[in-house]
2 protein chains.
Amino acid sequence: MARNPTIADVAERAGVSKGAVSFAFNGRPGVASATKERILAAAAELGYAPSYSARSLSNRRADAIGLVLARPPELLRADPFFPPFIAGLESVLAPTGRSLVLRFVSAVDEMAAYTELSRSNRIDGAIVADLRVGDQRPALLAELRVPFVSLNRPDTAGLGPAVCLDDRPGVRDAVNRLIALGHTRIGHIAGPAEFLHANSRQAEWAGTLAAAGLPPGPLVETDFTAGSGAAATERLLALADRPTALLYANDLMAIAGMSVAQRKGLRVPEDLSVIGFDDTEISGYLHPALASVRTDAYGWGAAAGGRLTEHIDNQDATDLELPAAQFVPRGSIGRPGGS
Amino acid sequence: MARNPTIADVAERAGVSKGAVSFAFNGRPGVASATKERILAAAAELGYAPSYSARSLSNRRADAIGLVLARPPELLRADPFFPPFIAGLESVLAPTGRSLVLRFVSAVDEMAAYTELSRSNRIDGAIVADLRVGDQRPALLAELRVPFVSLNRPDTAGLGPAVCLDDRPGVRDAVNRLIALGHTRIGHIAGPAEFLHANSRQAEWAGTLAAAGLPPGPLVETDFTAGSGAAATERLLALADRPTALLYANDLMAIAGMSVAQRKGLRVPEDLSVIGFDDTEISGYLHPALASVRTDAYGWGAAAGGRLTEHIDNQDATDLELPAAQFVPRGSIGRPGGS
DNA sequence: TTGAAAGCGCTACCAA
DNA sequence: TTGGTAGCGCTTTCAA
């Protein structure tokens, strides 16, 4: 494999020193503009780009950030959050020459993965997503001295800036809309209680019911998969006093639940109103269209990437608050009984 | 930031030379096993891991592979292929210490992104996905001397190994099943003609109809989005002699199409049979459940990652053929007229 | 404004 | 089997 040209080749061709080439490429003062042009021209002719590893060895900067995901593959298959989140991240990283180091691991290997990435100097910052109750990752990263941002605030000490997108207003509006339509038995198909985001949605559902003076509806905890959403729906629809509306912790389960109801001969929304969460691409195209709660995953990714690079560069570690999640009403909700 | 321990720290603590530590960490012969243990113990105590950039500068290996995706964010939001594909890739890369460098770009910047990754020595191999008609990427990567694998074979010269998953048997079985059920007007909602995979599905649909002596059904080309699938469906259902069955190039459009039909008062499958492609997680949980064609994206990712690392390490550049895509029959298909 | 040279932490070669 | 050492390609300091 013919070696790529090095800084020395460019320097020779332009008739300057290696230092000058380096300065030219990093936009630093001390190079006459004519010289700089000559250098850049020589580099272009040679097809030169600075070697990433040499630069980061010298720099002590990896120009990369880490994201470790502990999701089982079957959830990944249908996950509407991470692809646009990662695309948003990349949209701010790539222009600055940074890249994202992704790791998919099982939950038990999560801490080890962050540790390994840090010790091998592979990343100079990290993103903590899917916060759990009592999450140890913020403390670990602080100990490793890896700057990080978390998606929303951990329930443990805030050791790094949080980039927050409040999902509660969307959930509250959703539940209130159901209440306004006349529903009094509003169930919730929740995500795993270990996750803060699943907890937050559940708490907001319960709180909104309580604020309206309604009894808490039935609740089932799931693992976020379509199958568990379908099973949970079966269970709630078999109750003697079955709910007339169901709020799901994601669209995947909501879609599965809607089908379960339809298969039982129930009409949506006349016999059962359904609301999801995520506002997946497909939701608006279902029959009936699925009401949902929308979070801007792409924007969240871009914001997290931006705040993280600022944190790395300037130590700016203040939290960032994004526009809250929004309820998107659609045909899957209506008055109980369809009146 | 307190610097991570270096190889010199470990050597000093273990009372050996840096060379010995390096050998111990790379599992190379020439280190007595007692010495090796002492070295590894010292490293563990110090929390040492080899510096990635120093190693790859010395090695001339990036220990990373590149994947450049030219997908618009709105397609990424609902894409059922790349998340599991990437997870499959990582599953074989991570254990060998390699990582994946992802880039999301617009189609015009695709070549530039590969060039930049190669010139900066950031990757030692690449993956070419979403092959297009007359794709220039294989030639570019060959010129850059970057080993690569393509997903399926390009229509241009085969300059690198292809990891192939034939989608035709799945499509053929799907169409033949419709024919066996008595359908004679079978339409196709195709993906963009620039993509080889979209072409392949379309050609197989047409070929299977022809082989059965049936006239080609109506065809609409889309951009793979739910919206375009819905619009295409509207168009075909408005035809005087409307098709009784529709084969879609992905599940996203198939789901949207199914809803369009239902909204028009058509019953699925009695009035319209529907088949998708991808076998998304949600498809089996719809009402009716969506028949589809399944490709193992996770397995494809793992195979592509495996073949690419072999190609990088051993120059093994032979093609790899994976199990073909499989038709998954479900409730969305039936006899025309519902008899 | 420019050039020379000393690292960055590792690998790999050569002697011992 | 071990230790010493010369790079890898870049950044950055210091002299000129």
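This is a predicted model: local features need pLDDT of at least 70, side-chain atom pairs count only at pLDDT 80 or more; totals for chains, interfaces and linings use all residues.
**Entry 1: the two chains together**

By contact I mean heavy atoms within 4.5 Å. I found 63 residues of chain A in contact with 63 residues of chain B.

Next I asked how much area the pair buries. Chain A and chain B bury about 5400 Å² between them, and carbon and sulfur atoms account for 58% of it. On the chain A side, I noted that Arg77(A), Arg122(A) and Glu281(A) lose the most area to chain B. Together these three make up 14% of what that side buries.

How does chain A lie on chain B? The same surface serves both copies, since 100% of the contact residues of chain A recur in chain B.

**Entry 2: a glutamate at the chain boundary**

I picked Glu90(B), which sits in helix α6 (residues 82-93) of chain B. Is Glu90(B) buried or exposed? Its relative accessibility is 1%, so I count Glu90(B) as buried; the cut-off for that is under 20%.

Then I listed its contacts, leaving aside neighbours within four places in sequence. From chain A, Glu90(B) touches Leu102(A), Arg103(A) and Phe104(A).

**Entry 4**

In chain A I traced an open sheet of four strands, in the order β7-β6-β8-β9, with parallel pairing. Which strands are at the edges? They are β7 (219-221) and β9 (273-275) of chain A, each pairing on one side only. From one strand to the next, the twist averages 15°.

I zoomed in on strand β8 (residues 245-248) of chain A, which is joined to β9(A) by three bridges, the two running parallel. Here Leu246(A) stands opposite Val274(A) of β9(A).

Helix α10 (residues 196-211) of chain A packs on this sheet. The helix touches β6 (186-190), β7 and β8 of chain A, and its direction makes about 170° with that of β6(A).

**Entry 3: the sheet in chain B**

I went over chain B in turn. Its four strands form an open sheet in the order β7-β6-β8-β9, paired in parallel. Here β7 (219-221) and β9 (273-275) of chain B each have a single partner strand, so one side of each is left without a neighbour in the sheet. The twist again averages 15° from one strand to the next.

Strand β8 (residues 245-248) of chain B pairs with β9(B) in the parallel sense over three bridges. For Leu247(B), the bridge partner in β9(B) is Ile275(B).

I then followed helix α9 (residues 168-180) of chain B, which lies across β6 (186-190), β8 and β9 of chain B. Helix α9 runs at about 175° to β8(B).

**Entry 4: a helix in chain A**

Last, I turned to helix α13 (residues 297-314) of chain A, which has 18 residues. From first C-alpha to last, the helix reaches 25 Å, close to the 26 Å expected at 1.5 Å a residue. How many of its 18 residues are buried? I count 13, so to speak a mostly covered helix. After α13(A) comes Gln315(A), whose phi is positive, near 65°.

Conventions:
Residues are numbered from 1 along each chain as its sequence is written. Chains are lettered from A and ligands numbered from 1 in the order in which they are written. Side-chain values use heavy atoms; hydrogens and water are left out. The expected span of a helix is 1.5 Å times one less than its number of residues. Buried means under 20% relative accessible area, exposed over 50%, partly exposed in between (1.4 Å probe, protein chains only). Two strands pair if DSSP finds at least two bridges between them. Axes are lines fitted to C-alpha atoms, for helices over the stretch in contact, and angles run from 0 to 180 degrees between N-to-C directions. Buried area is the accessible area (1.4 Å probe) that two parts lose on being put together, summed over both.
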